[in-house]
Amino acid sequence: MNESTEVERLRARVAELESRLTEAETGAPAKPRTQRRSAGWTVTSAVLIVLACVLAPLSVTSVWASAELSDTQQYVETVAPLAEDPAVQQAVADEVTGVILENLDIEALTDDALVTLAGLENVPPRVADALPALAVPISNGIESFTRDQVGNALASPQFAQVWAEVNRVAHTQVVRLLEGDQGGAVTAQGDTITLNLGPVIEQVKQRLVDQGFTLAENIPVVDRSFVLVQSEAIPRAQGFYSTLNTLGAWLPLIALTLLAVGVLLAKDRRRALLRGALGVTASMLVLAIGLIVARTLYVDSTPANILTPEAAGGVFDTLVRFLRTALRALAVLGLVVALAAFMTGPSSAAVRARDVVGGGIANLRGGAEGAGLHTGRLGTWTHAHRRALRIAAVTAGGLFLMFATRPTGWLVVGTALVVLGALAVIEFLATPPTVSGEEPPPGQVEVALPLQVQRSAAEEATSVPAESAGVGTSGKGTS
């Protein structure tokens, strides 16, 4: 029994050495002859990769919900562009102008002023009779003047500051709203989210007074609300936010772990990584389509007297703009990983591309050496550690994207190009070692490793115990 075990061990060792010899001669890993993956592992790998792709959109959404809505500064940055949106500015201007005109009662004041003027003793009768007819033009002029001043105030940088401060103060109420609580500057009444315009009205009031319209001093402190969002989906959104907030940053970690385990369990890991990356990209496309559908439903469900379709669309686009940026970045990252997995595969296109790139780098290195530029010990060290250096370059790029505050598609592409540049530099510097400081003859570098493998095989063969050889011979003779 021991002799049989020793023979099997030797056979496995010979197979391993032959595999290493084939890998050294061809430059590609040899296919194992044994250790076939069972169907169960293959199915498990496929299920894990599919689950990771399904969780990818939820992961992006959960990160957006926690980072953009649970952090005050992130939230203020999210809603800041609304202060410059023309449709939103027009909606706010109509609301503020209406509040000011309601509290001033321009028409009644104009009528009283004209009647008083007409009753003065030194006013000619012809002028006194014409004064009441000026009530409408004067009222319209004051209203037009007020609207202009409101528009100028909303277009000024001061309004952007006020808008940011209003939303900064209201942020805690927004979080409470999404968690189902009520009260504060931002409230939810059924399916409506409102924002207090009191500070905005106060700013417009001061601007009117500064322009000489002292009548605006009579405007009292007004607590008027502006409808920011109105949708039947708000109650459902509150529950959805609570679920995502509970999971928080765990969803991305779970999805990434499932994808990694699925790739490791696959029979062909490169192909599994390729399919998983394409699956993530496809899931981001599904999320993008879902946002388009959600935008359409939101705009159609918002009454025109609350927000115009343009204003409602602007609010939706602004609130989800960072979510769209994240999904685009992840989609591009999936395409980059899929392309990398394809280019490392055995297809003819991938092999030709690698040959072209490798030949170009080799020509550049040869030209540099012909010009007297040698890498010396650095090149030898790089050649000996090139695998570790490649892994380090790819890992550094991945970590950079992982910890980026807001990765975009262009950032992913730029990072991929930097990593490719680093890999090219590693290949350029990796100079094969020479014998006794001389240039090796053609083909010596390629055969050096196979000779080592052959010597290892020879040493392994000579180390077989004499007893084992004898047993084998006697066994053969007896049989």
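# A tour of the salt bridges

Arg295, Asp317 and Arg324 are linked in a network of salt bridges. The model on screen is a predicted one. Select these three residues and show their side chains.

**Stop 1: Arg295 and Asp317.** The side chains of Arg295 and Asp317 form a salt bridge, with N and O 2.7 Å apart. Arg295 has a relative accessible area of 28% and is partly exposed. Asp317 is also partly exposed, at 24% relative accessibility.

**Stop 2: Arg324.** What does Arg324 form with Asp317? The two form a salt bridge, and their closest N and O atoms are 3.1 Å apart. Is Arg324 buried or exposed? Arg324 counts as buried, because its relative accessibility is 17% and the cut-off for buried is under 20%.

**Stop 3: Arg390 and Glu427.** Clear the selection and pick this pair. Arg390 and Glu427 form a salt bridge in which the closest N and O atoms are 2.5 Å apart. Arg390 sits in helix H17, residues 386-402, while Glu427 sits in helix H18, residues 409-429, so the pair ties together parts that are 37 residues apart in sequence. With the surface on, Arg390 is partly exposed, at a relative accessible area of 33%. Glu427 is partly exposed as well, at 26% relative accessibility.

Before leaving the charged pairs, consider the general point. Side chains of opposite charge can pair when their charged atoms come close.

**Stop 4: Thr61.** Move to helix H2, residues 39-69, and select Thr61, which is found there. Show the backbone of Pro57 too. Which backbone atom of Pro57 does the side chain of Thr61 reach? It is the backbone oxygen, at 2.8 Å. Thr61 itself counts as buried, at 10% relative accessibility.

Technical notes. Residues numbered from 1 in each chain as written. Predicted model: local features only at pLDDT ≥ 70, side-chain atom pairs only at ≥ 80, totals over all residues. Heavy atoms only, no water. Salt bridge = Lys/Arg side-chain N within 4 Å of Asp/Glu carboxyl O. Buried < 20%, exposed > 50% of the residue type's maximum accessible area, 1.4 Å probe, protein only. Helix = DSSP H or I, 4+ residues; strand = E, 2+ residues; numbered from the N terminus. Polar contact = N/O pair within 3.5 Å; in protein donor to acceptor, adjacent residues only side chain to side chain.
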